[in-house]
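Trainee: I would like to learn how to read this model. Could we go through it one feature at a time?

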Amino acid sequence: MILAVTGGKGGVGKSTVAYNLGAALGAVVVDADLGMADLPTSPGSDLHDVLAGRADPLEAVRSMGADEGSSSFGVLPCGRSLAGARAADVTALATVLEQVEREFGAVVVDCPAGMRADAGVPLAVADCAVLVASPRPFALADAVRTRALARELDTALVGVVVNRVVDELSTETVETVAETLGAPVTTIPADPRVAVSIAEHSPLVDAAASSRAAEGITQLAAAVRSYQSR
């Protein structure tokens with residue numbers, strides 16, 4: 001399974017959702033945002049190198065969760081340099097994702113935000129997608145445009161994440177979002193531990209498993225597994 005995590009615009013917490021969802025699923029999280037990478041990195045080859053033909057994708061995957069009792073998952077990071085982004089051949093991304101899927105099974109792709117040209121590549125190869133949106137009313141329009149792109153590429157939408165929720169959303173609001181985007185809604189409350197989960201290499205399902213935010217991630221992972229088992 002290849003799952004694309006996408007968003008109508010930047011700044012909605014798409015990368016933190018992808019990272020934490022990948023940990024919950026025991027997947028490999030691929031940072032496919034070639035120009036604005038956010039996922040953890042370390043010395044060694046990255047997606048820029050892979051897409052430039054300088055590295056093998058399987059060798060670029062880092063194992064995470066080495067500590068006993070922590071989630072076991074992987075990350076294929078992306079480089080941060082402009083030169084690396086320019087050298088990367090985005091048309092090779094589909095082949096890379098499929099190769100990682102064959103080796104590891106589940107793949108979660110942190111997609112570029114919005115309607116950038118490279119955002120459609122992981123969506124096109126993905127089996128399904130999760131759309132991350134802000135709870136702000138005006139953000140729904142951006143989400144609708146991304147939903148339309150997924151439909152055009154025939155990518156099923158497994159769920160919508162309304163992220164960083166400060167005040168409890170009304171039932172009417174949740175129903176409106178679900179009806180507008182055509183997928184069930186998971187709300188993830190604002191939690192500072194989500195924001196630092198990437199920097200600290202500490203997914204919420206490990207660091208704060210009983211938190212409401214972790215419960216939201218777990219609920220989303222269950223929806224993905226349910227779709228996968230159909």
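Trainee: Does P43 count as buried or exposed?

Mentor: First, some ground rules. The model is predicted, so local features need pLDDT of at least 70 and side-chain atom pairs count only at pLDDT 80 or more, while totals for chains, interfaces and linings use all residues. Residues are numbered from 1 along each chain as its sequence is written, and side-chain values use heavy atoms, with hydrogens and water left out. Now the terms: buried means under 20% relative accessible area, exposed over 50%, and partly exposed in between, with a 1.4 Å probe and protein chains only. P43 counts as exposed because its relative accessibility is 82%. P43 sits in the loop between strand 2 (28-31) and helix 2 (47-51). Helices (H or I, at least four residues) and strands (E, at least two) are DSSP runs, numbered from the N terminus.

Trainee: What should the 12 residues of helix 1 span?

Mentor: The expected span of a helix is 1.5 Å times one less than its number of residues. For helix 1 (residues 14-25) this gives 16 Å, and its end C-alpha atoms are 16 Å apart, so the two agree. After helix 1 comes G26, with a positive phi near 65°.

Trainee: Which residues other than glycine have a positive phi?

Mentor: D154 is one of them, with a phi of about 60°. D154 lies in the loop between helix 6 and strand 7 (156-165) and is exposed, because its relative accessible area is 72%. H201 is another residue other than glycine with a positive phi, near 50°.

Trainee: Where does H201 lie, and what does H201 contact?

Mentor: H201 is in the loop between helix 8 (192-195) and helix 9 (204-207). With a relative accessible area of 43%, H201 is partly exposed. Contact means heavy atoms within 4.5 Å. Leaving aside neighbours within four places in sequence, H201 is in contact with Y19, P40 and M64. H201 and T41 are 160 residues apart along the chain, and their C-alpha atoms are separated by 10.0 Å.

Trainee: How should I read a pair of helices?

Mentor: Two packed helices are described by the angle between their axes and the distance between the axes. Axes are lines fitted to C-alpha atoms, for helices over the stretch in contact, and angles run from 0 to 180 degrees between N-to-C directions. Here the axes of helix 6 (residues 139-152) and helix 7 (residues 171-181) come within 10 Å and cross at roughly 30°. From helix 6, L140, A143, V144, R147 and R151 meet V177, T180 and L181 of helix 7. The residues of this contact between helix 6 and helix 7 divide into 5 nonpolar, 1 polar and 2 charged. Ala, Val, Leu, Ile, Met, Phe, Trp, Tyr, Cys and Pro count as nonpolar, Asp, Glu, Lys and Arg as charged, and the others, Gly among them, as polar.

Trainee: And how do I find empty space?

Mentor: Rolling a probe the size of a water molecule over the atoms shows where empty space is left. On a 1 Å grid over the protein atoms alone, a cavity is a set of points where a 1.4 Å probe fits but cannot get out; a pocket is an open set with protein on both sides within 12 Å along at least five of seven lines; lining residues have an atom within 4 Å of a point. Grid points are joined across faces, edges and corners, and a volume is the space filled by probe spheres set on the points.

Trainee: How much space lies in the largest pocket, and what lines the largest pocket?

Mentor: The largest pocket holds about 250 Å³ of space. Its lining has 15 residues, with G10, G11, K14, S15 and D38 nearest the centre. By class these lining residues are 4 nonpolar, 5 polar and 6 charged. Helix 1 gives the most to this lining, with 3 residues.

Trainee: How many cavities of 30 Å³ or more does the structure hold?

Mentor: The structure holds 1 cavity of 30 Å³ or more. The lining of the largest cavity includes T16, V17, N20 and I217. Helix 1 gives the most to that lining too, with 3 residues. The lining of the largest cavity has 6 nonpolar, 3 polar and no charged residues.
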